[in-house]
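Subject: Structure for your files, with notes

Dear colleague,

Here is the structure you will be working with. My notes on the sheet, the helices and a few side chains follow below.

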Amino acid sequence: MADSKEKMYWVPLESSPEAMNKMIHRIGVDESVGFSDVLGLDEELLAMTPQPVYAVVFLFPTTEGYLEARKKEAESSKPNPHLWYSKQSIGNACGSMAILHALGNVQSQVSIGGSLKEFFEKTKEMSPMERTLELEQNKEIAGAHSASAAEGQTAAPVADAQVDHHYAAFVCVDGRLYELDGVMPGPIDLGPSTDLLKDAAAAIQQRIKALGDNGALVSVLSLGALP
């Protein structure tokens with residue numbers, strides 16, 4: 001018999017530091033750490049980003065050609081068992097998936113307690129698909145996402161709305177830069193990294209070029225110390 005399980009949806013999360021910080025602080029991240037807007041990708045503006053930077057989140061418009069090119073990159077990347085990576089089975093949850101990908105790979109650098117710490121401990125040895133199924137059952141993270149989405153600066157759309165923007169996270173693990181997106185076949189290995197913010201910015205600039213006319217419709221946030 002075919003699986004008749006109905007797809008789960010979450011209300012899309014606004015791309016604002018305020019919404020994201022409310023969410024992560026609700027589930028156990030220390031309030032000295034949070035997301036900030038990256039004002040620009042050139043060296044002068046990057047220097048204004050609060051330090052240290054632990055991860056970068058990229059919001060971009062989705063196009064079929066762009067996603068297909070990234071899919072090929074993911075398929076050709078070698079797996080890294082030290083990465084915390086999850087598939088995404090929940091519709092419109094890409095904002096929270098990017099947050100989890102960012103925080104899941106900096107647990108040794110960021111103080112995390114509460115329900116998020118419990119989630120990461122429970123999913124530590126799970127496969128990417130097992131992790132997303134566990135997330136589907138996690139009422140604390142779902143509740144924090146829902147509350148933060150409702151408190152955004154703009155009116156929240158319905159949960160199953162058709163959205164045309166998507167989130168990905170950039171992290172440095174074992175000296176290499178990775179792009180993590182739960183709808184891809186796996187992590188994308190972007191090569192050696194000695195400066196996460198600068199290297200992620202360079203990778204994002206290439207992504208923006210690939211987006212063509214849609215390249216202006218992006219947003220970049222850093223996860224790091226709050227000013």
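Axes here are lines fitted to C-alpha atoms, for helices over the stretch in contact, and angles run from 0 to 180 degrees between N-to-C directions. Helices (H or I, at least four residues) and strands (E, at least two) are DSSP runs, numbered from the N terminus. The model is predicted: local features need pLDDT of at least 70 and side-chain atom pairs count only at pLDDT 80 or more, while totals for chains, interfaces and linings use all residues. Residues are numbered from 1 along each chain as its sequence is written, and side-chain values use heavy atoms, with hydrogens and water left out.

The sheet

An open sheet is formed by 6 strands in the order E1-E6-E2-E3-E4-E5, with antiparallel pairing (two strands pair if DSSP finds at least two bridges between them). E1 and E5 (188–192) are the edge strands, each pairing on one side only. On average, and with direction ignored, neighbouring strands are turned by 25 degrees against each other.

Val33 has Ala225 in E6 as its bridge partner. Strand E1 is mostly covered, with 4 of its 5 residues buried; buried means under 20% relative accessible area, exposed over 50%, and partly exposed in between (1.4 Å probe, protein chains only). E2 (residues 53–61) and E3 pair in the antiparallel sense over 6 bridges, and here Pro61 stands opposite His165 in E3.

Helices on the sheet

Two helices can be described against these strands. H1 (residues 17–26) lies across E1, E2, E3 and E6 and runs at about 170 degrees to E1. H4 packs on the sheet, touching E1, E2, E3, E4 (176–180) and E6, and its direction makes about 5 degrees with that of E3. Contact, here and below, means heavy atoms within 4.5 Å. H4 is mostly covered, as 11 of its 11 residues are buried; among them are Cys94, Met97, Ile99, His101 and Leu103.

Val171 and His165 are both worth a look. Val171 is found in strand E3 (residues 165–173) and counts as buried at 1% relative accessibility. Leaving aside its neighbours within four places in sequence, Val171 is in contact with Ala55, Leu83, His101, Ala102, Asn105, Arg176, Leu177, Tyr178, Leu180 and Leu196.

Not counting residues up to four places away in sequence, His165 touches Leu59, Phe60, Pro61, Thr62, Cys94 and Leu217. Its C-alpha atom is separated by 5.5 Å from that of Thr62, 103 residues apart along the chain.

H6 and its neighbours

In H6 (residues 128–136), the buried residues are Arg131, Thr132, Glu134, Leu135 and Glu136. These pack against H4 (94–104), H5 (114–123) and H7 (139–150). The axes of H5 and H6 come within 10 Å and cross at roughly 145 degrees. Their crossing is right-handed; a crossing is left-handed if the near helix is turned anticlockwise from the far one by less than a right angle, and right-handed if clockwise. Phe119, Lys122 and Thr123 in H5 meet Arg131, Glu134 and Leu135 in H6. By class, this contact has 2 nonpolar, 1 polar and 3 charged residues, where Ala, Val, Leu, Ile, Met, Phe, Trp, Tyr, Cys and Pro count as nonpolar, Asp, Glu, Lys and Arg as charged, and the others, Gly among them, as polar.

Aromatic pairs

The whole structure holds 6 aromatic pairs. Rings of Phe, Tyr and Trp (its six-membered ring) pair if their centres lie within 6.5 Å; planes under 30 degrees apart count as stacked, over 60 as edge-to-face and the rest as tilted. Trp84 and Phe120 have ring centres 5.2 Å apart and planes at 75 degrees, so this pair is edge-to-face. Because Trp84 lies in the loop between H3 (64–75) and H4, and Phe120 in H5, the pair ties together parts that are 36 residues apart in sequence. Trp84 is buried at 5% relative accessible area, and Phe120 is buried at 2%. Phe58, Phe60, Tyr66 and Phe170 form one aromatic cluster.

Regards
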